[in-house]
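Please look through the sequence and the model together before reading on. The paragraphs below then lead from one part of the fold to the next.

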Amino acid sequence: MQRHPWETTAVGPVASWPFSLKLAVRTLLDCRLPMYLAWGEGNTQFFNDAYIPVLGDKFATALGNDTRVTWAEIWSVIGPMWEGVKRGEPVGSDNLALTINRYGYFETCWFNYSYSPVYSEARKVEGVLVTFVETTSTVTEERRQAFRLALADILRRETDAAALMHASGRLVSSYAAGAAAIYATVDPAAQAAVIRGQWRDGAPDGEPGRTLPLEMLGIGRGARLLRGETVCVPDVAREADLPGFDAWLAQGIASVLAVPMMEGGRLEAVLALHGPVGQRWEPAEVHMLEDSARRTWEALRRIRAEQALRDETRILELVKEATEKLASTLDLEPLVQAITDAATQLTGAEFGSFFYNNTDSNGDNYLLYTLSGAPREAFQNFGQPRATKVFGPTFRGSAPIRSDDITRDPRYGSMAPHHGMPPGHLPVRSYLAASVVSRSGEVIGGLFFGHSTPGMFSARTEELIGTFAGQAAIAIDNARLYDMAQKAAQERESLLASERAARAEAERHNKMKDEFLAMLAHELRNPLAPITSAAQLLRLPEVNEGLRLKASNIISRQVRHMTELVDDLLDVSRVTRGLIKLETEVLDLNKVAMAAVEQARPHIEERRHALVVDLPPQQVAVEGDRTRLIQVLVNLLNNAAKYTPAGGRIALSVTSDGAAAEVSVRDNGSGIDAQLLPHIFDLFTQADRAPDRSQGGLGIGLALVKSIVRMHEGTVAAFSGGAQQGTTMTVTLPLAAAPARAGQTPRAHLAAGETRPLLVTIVDDNLDAGQSLAVLLRAHGHTVQVFEDASSTLRAPETEGTEVFILDIGLPDMTGYELARRLRRLPVHGGAVFVALTGYGQERDRELSRQAGFDHHLVKPVDIAKLAQILARAGTVPNAA
């Protein structure tokens with residue numbers, strides 16, 4: 001320091017130094033710890049001998065130089081600290097991490113440090129005195145120990161190969177901060193690697209599944225990896241023998257550590273670290289990463305071996321279960337679904353299907369299908385599979401077909417119009433198919449399986465499904481033989497016991513009739529009695545106009561009451577069968593409440609109740625069916641009026657808490673017994689809340705309220721303190737998700753168009769039903785013709801030009817299904833709309849309608865509004881615009 005030409009620096013010759021500088025320099029020279037001093041505006045640097053190892057190669061230019069130049073790479077970290085020190089605020093801490101370049105490469109080092117202000121004689125901070133101890137070796141050893149412990153915990157905890165790979169990858173990338181940790185499996189013959197996982201700073205980085213040359217993974221040292229040697233390149237830019245090193249740098253790869261994972265002398269996988277900057281790998285670090293890679297690979301092999309054993313055990317169990325399922329039923333329809341479900345589970349597919357041939361009662365063949373892992377809606381718009389290069393061989397009885405990625409298969413996409421999967425099809429990449437061939441050689445159908453991930457079906461899977469398809473064929477053959485035997489037995493039994501069966505059926509129907517009449521008797525008797533009395537009154541010759549009007553009002557009121565009973569019964573029937581479809585829109589609940597009040601007001605006023613309505617000033621927007629919500633509130637208001645003694649008090653309030661809306665109807669009536677309260681919303685539950693039963697019901701109103709509210713994703717609850725304590729009914733509905741204007745429908749509608757009269761043909765063996773429906777449709781402007789059977793319909797020339805056929809299914813000479821098929825075959829009816837009209841509405845009935853060619857399936861009694869919508873769509877004329 002004495003020989004340094006200080007006169008060439010910002011502090012000048014030693015003789016001109018202030019006493020405070022001399023004292024500070026003396027202090028650092030006497031200190032045994034690494035210490036340096038930065039003085040003045042130029043941060044002129046002084047240091048002692050203990051500081052020289054810290055400088056490394058910077059030593060030659062550091063003395064007397066600007067500290068900001070010497071430590072330019074870390075100035076962004078320590079510079080802000082020095083600003084505080086120069087304001088007289090000392091700072092210090094332990095294990096500060098700094099990435100420095102003192103030997104020509106960047107390395108992360110750790111320091112315990114103290115930054116102290118040095119004051120001049122004028123009490124002004126003129127310099128920063130830095131005292132520190134490098135703790136890099138201690139910290140790195142602690143980090144390595146923590147890494148080893150964490151890895152040991154992962155290897156002990158994880159029992160799944162993928163989870164182990166991801167956990168260890170995250171750990172390695174967290175340790176090698178900033179570097180990309182890559183785990184890849186290797187195909188030595190192809191000199192290629194497939195990325196199975198990539199992480200950076202403990203988080204996933206990049207999509208797995210990419211394939212790249214082994215040379216790229218090993219930074220041009222692929223041959224060494226194949227020999228089982230670790231590749232360590234601290235600084236790509238300094239590797240003179242590395243061809244094209246600038247290309248690696250352009251990809252952000254400045255340093256590489258790649259550890260091979262060998263099995264039987266063969267390279268199976270590689271764990272690589274690609275750093276964005278040069279990185280000097282300590283031998284201890286390389287050894288630690290090699291050891292962690294070896295231990296992880298051994299754990300992966302062990303887990304995979306255990307998993308393979310579990311998988312094989314699971315497969316054998318699935319085969320056993322599948323065989324038991326096939327043997328457990330001889331009913332064909334459940335059998336083919338069981339075949340599909342078991343085969344899909346056996347192959348590990350995301351979705352599976354079984355397309356199979358069947359024969360109807362007329363001997364005609366048609367194709368059916370079952371699905372597993374996907375709803376029927378996923379296929380119903382795509383029609384039947386065609387004999388393409390992919391599907392055709394399976395329907396012809398070929399060996400199983402397997403493709404790791406069907407979208408890249410040369411057989412895929414060769415036929416118009418879609419040249420592959422149509423839009424909206426399930427995302428099939430892995431594909432597997434097997435023919436199901438009867439012992440007679442007949443191709444029963446084909447099993448098809450798909451997965452959205454490539455390469456999910458193995459040769460073992462193909463072998464299993466081939467064997468299973470043979471078992472499925474035997475099971476179907478047995479089911480068919482059993483079905484034939486059952487039909488023969490049934491025919492014999494029918495011939496021997498037809499009279500007995502007819503008598504039993506008559507008795508059953510009679511019993512059902514008696515039970516139903518018993519249920520209705522009480523409720524229907526009440527309105528019938530005043531209706532009968534009023535009718536007899538009207539027959540009297542001396543009845544004046546006043547009595548006649550009074551009798552007429554009695555009849556109207558009681559008929560209205562009976563109509564309400566029947567409407568409630570029909571509503572409950574529709575709800576339980578899932579036939580009610582909500583026409584939802586965004587509504588103001590305040591307006592719905594007021595509409596309900598207006599409908600219930602006559603009943604409330606008749607009982608002389610005081611009604612209080614409490615509504616918030618702002619809109620309460622809910623999404624629902626206006627008619628059904630009004631029906632709910634009217635029911636609650638009428639119940640309150642019915643079971644509250646005359647002159648009582650009823651209150652209706654609407655509130656909102658920002659997430660849900662609540663409507664409460666309170667009364668001070670007879671209340672509900674505590675034992676009945678939990679069951680008050682059950683069907684046919686009813687309590688005698690008043691001795692007067694003249695306004696009783698069937699006990700279905702509150703059950704209907706609960707069903708409708710549930711359809712709106714809401715809840716309904718009842719509260720009562722007991723007998724004569726009044727009742728509170730509360731309906732809670734979710735608020736509308738979007739701030740749409742109340743009254744505006746939230747879903748898109750078709751563009752408006754004009755409707756025109758249609759030519760409609762009705763075929764129904766119940767002439768009264770057909771003619772009454774015809775009268776109604778003619779009132780809507782349509783031209784309607786009615787036939788009683790299928791034969792006359794097929795012969796009648798008047799049906800030519802029919803735009804909508806409405807066909808009863810239970811016709812005397814043939815089923816409506818067969819009539820629809822035959823009409824469909826006639827060119828003159830190619831564009832007609834076919835509507836099935838039947839008393840059966842199960843999913844199986846609807847499926848039979850679709851297979852027969854019907855466009856719509858309506859359940860008796862016909863919903864006129866729904867039929868009107870069908871006719872409106874059929875007769876819509878698009879706008880000229």
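Strand β26, which covers residues 759-763, is joined to β27 by five bridges, and the two strands run parallel. Within this pair, Leu759 stands opposite Thr783 of β27. The model is a predicted one, and the description that follows should be read with that in mind. The two strands belong to an open sheet of five, in the order β27-β26-β28-β29-β30, in which the pairing is parallel. Because β27 (783-787) and β30 (856-859) each have a single partner strand, they stand at the edges, and one side of each is left without a neighbour in the sheet. From one strand to the next, the twist of this sheet averages 20°. Helix α19, made of residues 767-779, packs on the sheet and touches β26, β27, β28 (804-808) and β29, while its direction makes about 175° with that of β27.

One residue of this region can be followed more closely. Ala832 is placed in the loop between α21 (816-825) and β29 (833-838). Is Ala832 buried or exposed? Its relative accessible area is 6%, and since buried means under 20%, Ala832 counts as buried. Leaving aside residues up to four places away in sequence, Ala832 touches Thr802, Glu803, Phe805, Arg824 and Asp855. Gly801 is 31 residues from Ala832 in sequence, yet in space the two are 8.5 Å apart from C-alpha to C-alpha.

A second sheet can be traced in another part of the chain. This open sheet has five strands in the order β2-β1-β5-β4-β3, and here the pairing is antiparallel. Its edge strands are β2 (44-47) and β3 (91-101), each of which pairs on one side only. Neighbouring strands of this sheet are turned against each other by 30° on average, if direction is ignored. Strand β1, residues 35-39, is joined to β2 by four bridges, and Ala38 stands opposite Gln45 in β2. Two helices can be named beside these strands. Helix α1 (residues 19-30) packs on the sheet, touching β1, β2, β4 (106-119) and β5 (125-134), and its direction makes about 165° with that of β1. Helix α6 (residues 136-157) packs on the sheet as well, where it touches β3, β4 and β5, with a direction at about 135° to that of β4.

A search of the whole structure finds seven cavities of 30 Å³ or more, and the largest cavity holds about 150 Å³ of space. This largest cavity is lined by 14 residues, of which Tyr36, Ile74, Leu98, Tyr115 and Phe132 lie nearest its centre. At least two residues of the lining come from each of β3, β4 and β5.

Leu589 touches Val620, Val622, Val654, Ala661, Val663 and Leu733, not counting residues up to four places away in sequence.

Note on methods:
Residues numbered from 1 in each chain as written. Predicted model: local features only at pLDDT ≥ 70, side-chain atom pairs only at ≥ 80, totals over all residues. Heavy atoms only, no water. Contact = heavy atoms within 4.5 Å. Buried < 20%, exposed > 50% of the residue type's maximum accessible area, 1.4 Å probe, protein only. Pairing = 2+ DSSP bridges. Axes fitted to C-alpha atoms, helices over the stretch in contact; angles between N-to-C directions. 1 Å grid on protein atoms, 1.4 Å probe; cavity = no way out; pocket = protein on both sides within 12 Å on 5 of 7 lines; lining within 4 Å. Points joined across faces, edges and corners; volume = space filled by probe spheres on them.
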